[in-house]
Structure formats: C-alpha cells, structure tokens
Amino acid sequence: MTAPSEATSLTTVRTSPRIALLFSVACGLAVANVYYAQPLLELIGHDYGLSRGTVGIISTVTQVGYGAGLLLIVPLGDLVDRRRLIVAQMLLSVLALVAVALAPTGVALLAALAAVGALAVVTQVLVAYAASLADPADRGRTVGTVTSGVIVGILLARTVSGTLADIAGWRSVYAVSAGATVVMAALLYARLPRPSAAREHIPYPRLIRSVFTLFAEVRVLRIRAVLVLLIFAAFTTLTTPLVLPLSAPPYSLSTTQIGLFGLAGALGALGASRAGRLSDRGRAQRTTGLGLAVMLASWIPSALLSHSLWGLVIGVLAIDFGLQSVHVANQSLVYRVRPEAQSRLTAGYMVFYSIGSAVGAITSTLVYARAGWTGVCLLGAAISLTALLFWAVSGRESEVVRP
C-alpha cells in the first residue's frame with residue numbers, strides 16, 4: 001500500500017517541472033554510462049590490443065554487469081528507502097567511473113566496466129520509483145516521460161563520448177561522467193521525496209527468489225520480457241558495430257562525427273511519450289505492433305550505408321522510434337500488476353533487456369568481422385522479424401492486466 005508521504009510526494013513529482021526534469025536527467029546520465037564505449041571501440045581496442053572481432057566484449061561486459069545489477073540491486077527498491085538506495089548507487093558509480101578512466105590494463109578496464117554496468121541500474125530504480133508514485137490512470141504517461149530521459153541518455157551518450165574523445169581522449173569521457181554523477185547525487189539527495197512509512201521486511205534471499213516467482217505467476221511479464229530481449233538485441237545489433245564501417249574508408253568519420261548519429265536517434269524519443277499516452281488509453285497492443293513493424297522496416301535504409309549516409313540516419317531514427325514505442329508500452333503493462341512489487345517487476349523485465357543488449361553487441365561484431373555491414377543488417381532484420389512474429393502469436397492476451 002502506498003505510504004501517505006509517498007502519495008503526497010507524487011503530487012510534487014508530477015506537477016513540478018523541475019522535479020520531473022531531474023528524474024529524467026538522472027536516468028539519462030546513469031544509463032549513458034553503459035553506452036559511452038560504443039563509438040570508442042576502435043580507440044579502446046587499439047589501446048589494449050583487441051581485434052575487431054573481439055572488441056564487442058567491451059560493450060558485452062558492461063551489459064552483463066547491468067544484468068547482474070538488475071537482479072541483485074533493483075529489487076531492493078521494494079525493501080529499503082529508495083532515496084538512499086539511489087544516492088548510494090550513484091556515489092559508488094563515481095568510484096567505478098574513475099576506475100575505468102584510470103584502468104592500466106585490459107582486465108582492469110573490463111572489471112571496472114562491469115561495475116559501471118551493475119551500478120547504472122539506478123536508472124531502473126528511478127523508473128520504478130516514478131511508476132509507484134504515479135496515479136494508475138496516468139502511469140503510462142509518467143513512465144513515458146521518464147523513459148524519454150533514459151532513451152535520450154542512451155542515444156546522446158554516443159555524441160558526448162565521441163566529442164570528448166576527440167578533444168581529450170577516451171578516458172576523459174568517464175572522468176567527466178564521474179564529475180557529473182557527483183553533482184547529480186547531491187541534487188537527488190536534496191530533492192527526492194523522503195518516505196516516512198516503514199516497508200514490509202522481506203529477507204534478501206527471499207526478495208531475489210520472488211523475482212523468479214513473478215515470472216511463473218504473471219504471464220504479461222513473461223511475454224513482455226521476451227519482446228524486450230528481442231528489441232534491444234536488434235537495437236545493439238545496429239549501434240554496436242556502427243563505428244566500424246563509419247570510421248573506415250570511404251567515410252573515415254571521426255568519433256565526434258560518429259557520435260552525431262545519436263542526435264538523429266534522439267528525435268525518436270518522441271515515441272516514448274506518445275506510446276505512454278496510448279497505453280493509458282488501452283492501446284498498448286496496437287502501439288507494440290506498430291513499433292515492431294517500424295523496427296523491421298528500419299533495416300532497409302540502414303542496409304544502404306555503402307551508398308549513402310542518409311539511409312543510415314533514417315534507419316537509426318526509425319529503429320529508435322520503434323524501440324521506444326514498444327519499450328514504454330511493455331512497461332506500462334507490466335507496472336499495472338502487483339503494485340507492491342514494482343521494483344522486482346522492473347528487475348525481472350529489464351534482465352531480459354540486458355541479455356538482449358549483450359547478445360546483440362557481441363553477435364553483431366562477430367558477424368561484421370565475417371560478413372560485413374550487409375551481414376549485420378540481415379541479422380538485425382531477422383531479430384526484428386522474430387519479435388514481430390512473436391507479438392502476433394502472443395495475441396491480445398498480453399494486454400490483459402492479470403496473472
């Protein structure tokens with residue numbers, strides 16, 4: 001049951017543009033840490049002697065860390081004071097980011113990146129927090145607003161990291177992020193609601209086990225988890241190896257120029273807000289189908305990279321728009337069940353996001369090494385088609401809010 005203090009805080013969060021912006025910016029800053037490396041793969045691989053076929057492990061290890069954090073940290077939001085949990089995660093993230101910036105060896109770098117990924121799940125603690133505070137009739141729009149910040153953070157991470165790397169080297173990206181995270185932790189500590197009601201005490205082992213119990217009990221969670229795995233596998237299939245053909249002839253773009261592709265995708269954040277509103281009106285299933293169709297179609301212009309950069313711009317914009325539409329529709333449906341377990345629902349759902357992202361990252365770089373950009377586009381189209389077919393066969397029952 002929602003504590004009175006949390007209900008009071010809801011009005012503040014929902015009606016204050018400053019607080020809403022703080023939630024969104026905090027989410028974007030935290031999740032960007034997972035994606036900064038994407039346009040830097042060539043530079044980092046060169047520094048540590050990694051081949052093009054194995055450089056994808058840099059993105060993969062961060063996603064693996066993120067998956068571990070989802071399972072082991074995010075469920076704590078149902079157990080402890082979320083404000084303290086959020087601030088503690090961000091302060092620990094500062095230490096992990098500094099470790100990446102100073103990593104002397106490849107092994108140290110990968111260990112630090114795994115820690116960065118694990119602590120970046122503060123994003124999902126924030127999203128679950130916002131969902132728990134939202135009015136049920138307005139939850140889709142609330143999740144859409146916060147998720148817009150998440151997606152913009154993912155996309156602009158490429159722009160920011162590419163620009164900073166050109167100016168001061170790739171290590172500066174993580175040093176700057178560490179400084180920004182310190183500032184954000186202080187702001188969140190000062191502005192996040194302070195719930196006064198005690199939470200139900202659940203032993204930690206039982207709390208983690210209950211994440212798996214929810215999968216057994218809630219069908220909509222199982223269906224939407226499969227969809228998020230597939231859409232993010234498709235997304236990272238496009239974005240992870242993107243730097244490789246763009247940095248090579250005939251384009252030979254700098255990391256700053258490659259990072260600018262994130263600006264095109266950021267326009268797709270409009271899909272998150274619109275999807276949230278449609279989901280509140282009971283149209284989550286239709287929104288999902290449209291988003292999946294757009295993702296599948298995005299591979300056609302993306303495959304034309306050898307002829308024109310504009311095709312890739314269109315493809316990035318389309319896949320981001322489709323992904324955000326599906327992701328927000330998924331979350332709006334999942335958050336409607338078991339309000340007392342929203343952090344655990346988030347953890348279970350987002351673990352599949354992390355698995356999909358990791359699989360897409362490592363598989364796409366391996367495929368690129370063997371079959372080039374055409375092979376990557378065929379792989380991405382196959383994943384997107386699988387997602388669309390799965391949605392079609394799962395039927396409208398996935399929109400019914402019940403176990």
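A crossing of two helices is called right-handed if the near helix is turned clockwise from the far one by less than a right angle. With that in hand, here are some close-up views of this predicted model.

**View 1. Helix 10 passes helix 19 in a right-handed crossing.** Here helix 10 spans residues 204–217 and helix 19 spans residues 342–394. Their axes come within 9 Å and cross at roughly 70°. Angles of 65 to 115 degrees count as roughly perpendicular, so that is how helix 10 and helix 19 are described.

**View 2. Side by side, the residues where helix 10 meets helix 19.** From helix 10, look for Leu207, Ser210, Val211, Leu214 and Phe215. Their partners in helix 19 are Arg344, Leu345, Gly348, Tyr349 and Phe352. Sorted by type, the residues of this contact between helix 10 and helix 19 comprise seven nonpolar, two polar and one charged.

View 3. Leaving aside residues up to four places away in sequence, Gln89 touches Ile73, Leu119, Val121, Val122 and Val125.

View 4. If you are looking for disulfides, the structure holds zero.

Methods
Residues numbered from 1 in each chain as written. Predicted model: local features only at pLDDT ≥ 70, side-chain atom pairs only at ≥ 80, totals over all residues. Heavy atoms only, no water. Disulfide = S-S within 2.5 Å. Axes fitted to C-alpha atoms, helices over the stretch in contact; angles between N-to-C directions. Helix = DSSP H or I, 4+ residues; strand = E, 2+ residues; numbered from the N terminus. Parallel < 35°, antiparallel > 145°, perpendicular 65-115°, else oblique. Contact = heavy atoms within 4.5 Å. Nonpolar A, V, L, I, M, F, W, Y, C, P; charged D, E, K, R; others polar.
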